[in-house]
Amino acid sequence: MNIAIVGTGYVGLVTGACFAEFGLKVTGIDKDKEKIEMLNRGEIPIYEPGLEEKIKKYMAEGLLTFTTDIAEGVKKALVIFIAVGTPPKEDGSADLSYIDEVARSIAENMNGYKVIVTKSTVPVGTGERIKRIIKEHQKEKVNFDVVSNPEFLREGSAIEDFMRPDRVVIGAESSEAIAIMKDLYSPLFLIETPFVITNIETAEMIKYASNAFLATKVSFINEMANLCELVGADVHIVAKGMGLDKRIGPKFLHPGPGFGGSCFPKDTRAIVQIAEEKGYDLSIVKAVIGVNERQRELMVEKIARVIGELKGKKIAVLGLSFKPNTDDIRESPAIAIVGRLKEKGAKIRAYDPAAMENTSKIYPDIEYASDPYDAVSGCDAMVIITEWNQFRNLDLERIKSLMKKPVMIDLRNIYEPERMKKLGFIYDCVGRVRRSEFAKEKRDD
Ligand code: NAD
């Protein structure tokens with residue numbers, strides 16, 4: 001079967017490579033000429049573990065091709081996935097202009113029955129909107145079906161998530177479209193992946209409800225962590241104690257600087273907006289967003305509490321991407337925190353295994369180091385903001401010897417407070433050390 005995927009970003013590329021692995025003939029389409037030229041030269045525009053090997057393999061086998069020509073891609077495909085961005089508009093609602101543009105192009109190039117599938121995260125009602133646009137712009141009146149097939153992959157483990165998902169959600173109206181979608185995903189059927197087959201609106205809602213719930217867990221544990229610091233409790237043990245309750249579960253109970261990335265911030269704002277349009281106040285999700293914004297500010301206050309006056313201090317920042325194993329810095333807490341530290345007069349020396357190039361477009365004026373040791377050299381303090389594996393086992397004696405002062409603020413709770421104290425570090429993290437430890441009178445400025 002021939003399929004097309006419009007949008008060759010994180011979702012489009014992973015989806016394309018994985019469907020090629022399922023034996024389908026995939027055309028990846030993007031309007032970004034530079035991106036398509038890179039791909040055709042065998043260069044992968046993003047960092048995602050395992051993706052490059054897969055793309056190269058299936059390009060060589062002729063199962064995966066890339067083009068900017070949407071007409072060509074649409075004409076030969078039975079199924080067309082839309083995987084373009086749906087960024088937030090000023091008011092928080094999803095910008096559907098890319099989706100609309102693609103729907104118009106598909107309509108103009110349809111030469112027979114097609115299944116048009118949204119993989120992008122789109123507000124409830126977008127399926128209907130696509131149907132309307134296609135009907136209005138079709139040159140030839142041919143039959144088509146619109147399907148919602150939201151994507152749940154996580155950057156950094158996207159291939160594994162696509163190949164072994166917790167579930168596949170298919171929202172469709174016709175049995176023909178459902179049968180085609182099941183056929184596409186048949187390798188996942190064989191490994192007993194649960195399929196949720198429903199109507200389009202419900203499928204669209206499942207994606208937003210899932211992301212809003214996960215974001216809620218993050219903001220919830222962050223609030224608990226903040227309270228732990230005030231009452232002298234250890235949030236790690238609190239999260240463990242909570243997570244052992246099967247009704248709660250241990251996942252997404254890791255405190256830190258707040259959620260970021262291209263999905264949670266955007267999708268929580270969008271679902272609030274969807275509710276508002278219907279006259280409903282989605283108060284829990286609004287609070288989740290508020291807590292997340294405040295968490296970044298609280299992290300800056302924490303850094304200032306430990307270090308003292310920030311003006312003129314040299315701070316090493318380890319980790320810039322919004323999470324490990326990706327070069328994606330969209331809405332990354334690290335980017336926000338670096339910005340605030342700069343405003344307060346701190347000098348930043350940063351290191352990230354994959355995200356320095358992207359960050360240098362936003363902050364060309366900070367120093368970039370070649371590794372974590374180079375980053376901390378001569379610094380007054382270091383802050384770990386993203387938990388890359390290579391930061392988990394640093395040679396702490398070496399770090400100490402390189403720093404001007406052994407001060408570590410570990411916003412991902414990688415290290416044990418007691419051990420760090422024994423090693424002679426002034427150490428703080430999130431929700432594990434009593435806040436009064438860093439009272440001004442105790443600090444040696
Ligand atoms: P991205 O920004 O990485 O990629 C989008 C691509 O679409 C870009 O390459 C862009 O050039 C292309 N594009 C835009 N308009 C186009 C057009 N008219 N024709 C052809 N190409 C066009 O985005 P992404 O992170 O892959 O996300 C895509 C969608 O999937 C979003 O709705 C997002 O919310 C959703 N999603 C993302 C993730 C994730 O982890 N990134 C996970 C699940 C769902």
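Axes here are lines fitted to C-alpha atoms, for helices over the stretch in contact, and angles run from 0 to 180 degrees between N-to-C directions. The model is predicted.

Start with helix α13, residues 283–307, and helix α14, residues 333–343. Their axes come within 10 Å. They cross at roughly 50 degrees. Angles of 65 to 115 degrees count as roughly perpendicular and those under 35 as roughly parallel. The angle therefore makes α13 oblique to α14. The crossing of α13 and α14 is right-handed.

A second pair is α1 and helix α3, the latter spanning residues 51–60. The axes of α1 and α3 come within 9 Å and cross at roughly 55 degrees. So α1 is oblique to α3 as well. The crossing of α1 and α3 is left-handed.

**The ligand shell**

How many residues surround the ligand? The count is 26. The closest are D30, K35, T86, E155 and K266. By class, the shell holds 9 nonpolar, 7 polar and 10 charged residues.

| Residue | Protein atom | Distance to a ligand oxygen |
|---|---|---|
| D30 | N or O atom in the side chain | 2.6 Å |
| K35 | polar side-chain atom | 2.6 Å |
| T121 | polar backbone atom | 2.9 Å |

Taken alone, the ligand exposes 830 Å². The protein buries 90% of that area.

Which elements give two or more residues to the shell around the ligand? They are α1, residues 10–21, and α5, residues 97–109. Helix α5 supplies the largest share, 3 residues.

**Putting the two parts together**

The side chain of D30 places an N or O atom 2.6 Å from a ligand oxygen, and K35 has a polar side-chain atom 2.6 Å from a ligand oxygen.

How values were computed:
Residues numbered from 1 in each chain as written. Predicted model: local features only at pLDDT ≥ 70, side-chain atom pairs only at ≥ 80, totals over all residues. Heavy atoms only, no water. Near = heavy atom within 4 Å. Polar contact = N/O pair within 3.5 Å; in protein donor to acceptor, adjacent residues only side chain to side chain. Areas by Shrake-Rupley, 256 points an atom, 1.4 Å probe, with all protein chains shown as cover. Helix = DSSP H or I, 4+ residues; strand = E, 2+ residues; numbered from the N terminus. Nonpolar A, V, L, I, M, F, W, Y, C, P; charged D, E, K, R; others polar. Parallel < 35°, antiparallel > 145°, perpendicular 65-115°, else oblique. Left-handed = near helix turned anticlockwise from the far one by under 90°.
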